[in-house]
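I opened the model to look up its charge pairs, its core and its overall build. My entries follow in the order I made them.

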Amino acid sequence: MENMTIEEMNREANDLLDADVDATRRMRNVVTQDINTANKTLEILDDQGQQLKRVEDNLHGINAHAKRAEADLTKMEKCCGCFHLPCAKRHNFEGSTARYGQVWGGNTAGHASNDVVSEQPRSARGQSKDAKSSAGGNQQFIQPILENDERESEMNDNMKIVSGGISILRQQAMAMGEELEEQNETLDRMGDKTDLNIKRVQNASARTAALL
C-alpha cells in the first residue's frame, strides 16, 4: 500500500466498492427468492388446510346422516309405530359413547367448526409479498465515504430491502408453524370423528340386520 500511487489506490477502492455492491445485490436476490418460495409454500399449506376442512365437513355430514338413520330405526323398532316392546333393546349411540361429546363438541349439524382453518390464506395475512415494499424508511445501513456515489446509494437501498425481507421471512416462518399446528389438530379431530363414525354406522347396520 505504501508504494501504491493515488491512481492505484483509487482503482483498488473502486474494485472493492464494486465487489461490495455485487454482494448486496446477491443478498437482495437471495432474500427475494426466499420470500417468493415461502409465499408459494404458504399458498400450498392454505390449499391443504382447505382440503382438510372439506373432509371434516364430510365427516360431519356422515354423522348427521347416521343420526337420521338411527331415528328411522327407532321408529321401525316400535310396536305398531307407537311404543317399544318390553323386550326391545333401547339404542342411544351418543349417550352410550363416553367420547362422543368430547369429540364432536355439540357441533353435529354437518358443518365443521369455524376455527378449523381460516378462510384467508396465510400468505395474505398482514404480510408483504416482496421485500421492497417493506424496506426500512430512511434508515442508513451504509456510511457514505465518497461524495454522490450511486454505488453507495444502491448498497444502502439493497440493505434496506434485505432488512425488510428478513422481517417478512420471520413472519412467514411463524405463519407456517401456526398453519401446520392447526392442521395437525385438525387431523387429530378427523381421526377421532372417523373412528366414531365407523362405530356409529356399524351399530346402525347391526340394528338394521336385527329387524330383517
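Which side chain meets that of Lys-199 in a salt bridge? I found Asp-195, at 3.5 Å from N to O. I count a salt bridge when a side-chain nitrogen of Lys or Arg is within 4 Å of a carboxyl oxygen of Asp or Glu. Both residues lie in helix H4, four residues apart, about one turn of the helix. Helices here are DSSP runs of H or I with at least four residues, strands are E runs of at least two, and numbering starts at the N terminus.

I then looked up accessibility. Lys-199 is partly exposed at 40% relative accessibility, and Asp-195 is partly exposed at 30%. My classes are buried under 20% relative accessible area, exposed over 50%, and partly exposed in between, with a 1.4 Å probe and protein chains only.

**Entry: ground rules**

This is a predicted model; local features need pLDDT of at least 70, side-chain atom pairs count only at pLDDT 80 or more, and totals for chains, interfaces and linings use all residues. Residues are numbered from 1 along each chain as its sequence is written, and side-chain values use heavy atoms, with hydrogens and water left out.

**Entry: the chain as a whole**

I read four helices and two strands in the protein chain. Their pattern along the sequence is α-β-β-α-α-α. Of the 212 residues, 30% are buried. The accessible surface comes to about 13500 Å², and carbon and sulfur atoms hold 53% of that. I note the method as Shrake-Rupley with a 1.4 Å probe; for residues, only the protein chains shown count as cover.

I also checked contacts, meaning heavy atoms within 4.5 Å. Among those between residues at least 6 apart in sequence, 82% join residues at least 24 apart.

**Entry: Glu-56 and its partners**

The structure holds nine salt bridges. Side chains of opposite charge can pair when their charged atoms come close. Glu-56 turned up in a salt bridge with Arg-189, with the closest N and O atoms 3.1 Å apart. Glu-56 sits in helix H1 (residues 6-77) and Arg-189 in helix H4 (residues 150-211), so this pair ties together parts 133 residues apart in sequence.

Lys-193 also forms a salt bridge with Glu-56, at 2.7 Å between the closest N and O atoms. Lys-193 lies in helix H4 and Glu-56 in helix H1, so here the parts tied together are 137 residues apart in sequence.

Are these residues buried or exposed? Glu-56 is buried at 0% relative accessibility. Lys-193 is buried at 4%. Arg-189 is partly exposed at 24%.

I logged a network as well: salt bridges link Asp-22, Arg-25 and Glu-154.

**Entry: the nonpolar core**

Which residues make up the largest nonpolar core? I list five: Phe-93, Tyr-100, Val-103, Trp-104 and Leu-196. Helix H3 (residues 100-104) gives the largest share, three residues. A nonpolar core is a set of buried Ala, Val, Leu, Ile, Met, Phe, Trp, Tyr and Cys residues joined through side-chain atoms within 4.5 Å.

Setting aside residues up to four places away in sequence, Val-103 touches Asp-192, Lys-193 and Leu-196.

**Entry: Glu-70**

Glu-70 is in helix H1 and is buried at 8% relative accessibility. Its side chain joins that of Arg-200 in a polar contact of 2.8 Å. Such a contact is a pair of N or O atoms within 3.5 Å; within protein, one must be able to donate a hydrogen and the other to accept it, and residues adjacent in sequence count only if both atoms are side-chain atoms. Beyond four places in sequence, Glu-70 is in contact with Phe-93, Arg-200, Asn-203 and Arg-207. Phe-93 is also one of the core residues.
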